[in-house]
Amino acid sequence: MTPRSVRRVWLLTLAGTVVWLAAIVLAPWLAARGASGPARFLYAVFAPVCHQIADRCFVLDGHPLAVCGRCLGIYAGFAAGLVLYPILRGFARVALPPARLFIALTLPMALDGAAGILGLWRSPIGLRFATGFAWGTILPFYFVAGVADLFRTRRERAAARALERRGSNKVE
Amino acid sequence: MDQQKPAYLRPALIAGAVAGLLSGLPFIGAGNCICCLWIVGGAAVAVKLLAASTPGILKAGDGAIVGALTGIVAAVVEAVVSIPLRSFNMELARRIVEKASEIGGDMPANLDEILNGSGMTSPGWFLLGLFVSAAVFTVVGALGGSIGVSLFGKKALPAAPSAPSPTTPPSAAPGPPDAA
């Protein structure tokens, strides 16, 4: 895998993340300015991935953001992890983080979420954001590696098929 | 594993159908509000199934492919499951709103519009929802698949008695502990 192809996946992911985060903030911004149609569209886009309960969302101009505090933390953490990716991992090689690091970063959010669901603990929005942020930081190390390797695998298999075809044509 | 294509479709169909069903059910479907739990979990389970049926070492790319396929299947199954349950979900939401308004709780941002059916139940909104779900679930599924390779992928091939020791593919297998 060439560093250039990994860099390309990283750049595309970074661009997508910026657009995704901008859309989260844009929804209340539009709603506050009376553009209810586009705001409703953006809220609907995020509805399949977040409960959007207003008292669990950060507020902008009197309107809740399009996702809850924990989801915002995950996406912000994802963006932070992406920024750190070239420093911590670089583009020369692609490898997945160890499973124990993933479990360690998942545990705070899982415990907080489970305690909330069981009614043992009602965490403040700041803590939800923080636990989501911690989890989100590791995700780009999986995503960029996975997608870059996906394209490499497809390219290699296509090349092998072409080679096979050429070989069988020669035999005939 | 490099050039030989693993059988992605079967694990993706099984795990995607289960993940989509769970996502479409009332109450249980709310699991997706916790960082797309059913989709990430479904993609990881698909990798587990793939690993069980594949002799070689799975790479991150294999996980991403089977995870993305799982996400697409889950989005379609969720959309199909949610059609007959739509009226039940509406009634459920209405009861929650009534109960919550009694105790003065805050409502989801667009719940009034949903309950009043202001266009949100039209075929256009249904298709938009399906498209958005498919796009998001594909991305999240690819992510879940890569995580699944890290959690469930074989770290090395079992040593063959007469063969030279197997080598790990150069890229994107579960990595050394220096990662991230």
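In which helix of chain B is B:Phe126 found? B:Phe126 lies in helix H5 of chain B, where helices are DSSP runs of H or I of at least four residues and strands are runs of E of at least two, numbered from the N terminus. The model is predicted: local features need pLDDT of at least 70, side-chain atom pairs count only at pLDDT 80 or more, and totals for chains, interfaces and linings use all residues. Residues are numbered from 1 along each chain as its sequence is written, while chains are lettered from A and ligands numbered from 1 in the order in which they are written.

B:Phe126 counts as partly exposed because it has 15 C-beta neighbours inside 10 Å; a residue is buried with 20 or more other C-beta atoms within 10 Å of its own, exposed with 12 or fewer, and partly exposed in between, the C-beta atoms being placed from the backbone. From B:Leu9, B:Phe126 is separated by 117 residues in sequence and by 26 Å in space, C-alpha to C-alpha.

The contact between the chains takes 43 residues from chain B and 42 residues from chain A, two residues being in contact if their C-beta atoms, placed from the backbone, lie within 7 Å. On the side of chain B that touches chain A, the elements giving two or more residues are helix H3 (60–102) and helix H5 (123–152) of chain B. The largest share of that side, 13 residues, comes from H5(B).

Chain A contains five helices and two strands, arranged from the N terminus as α-α-β-β-α-α-α. Its radius of gyration, taken over C-alpha atoms, is 21 Å, well over the 16 Å that the globule rule gives for 172 residues, so chain A is more spread out than a compact globule; the rule is 2.2 Å times the number of residues to the power 0.38. The C-alpha trace of chain A spans about 70 × 40 × 30 Å along its principal axes. Of the 172 residues of chain A, 42% count as buried.

Within chain A, the axes of helix H1 (residues 3–32) and helix H3 (residues 69–88) come within 10 Å and cross at roughly 150 degrees. Axes are lines fitted to C-alpha atoms, for helices over the stretch in contact, with angles running from 0 to 180 degrees between N-to-C directions. H1(A) is therefore roughly antiparallel to H3(A), a term for angles over 145 degrees. Residues making the contact include A:Trp10, A:Trp20 and A:Ile24 of H1(A) and A:Tyr75, A:Phe78 and A:Tyr85 of H3(A).

Conventions: Angles under 35 degrees count as roughly parallel, over 145 as roughly antiparallel, 65 to 115 as roughly perpendicular and the rest as oblique.
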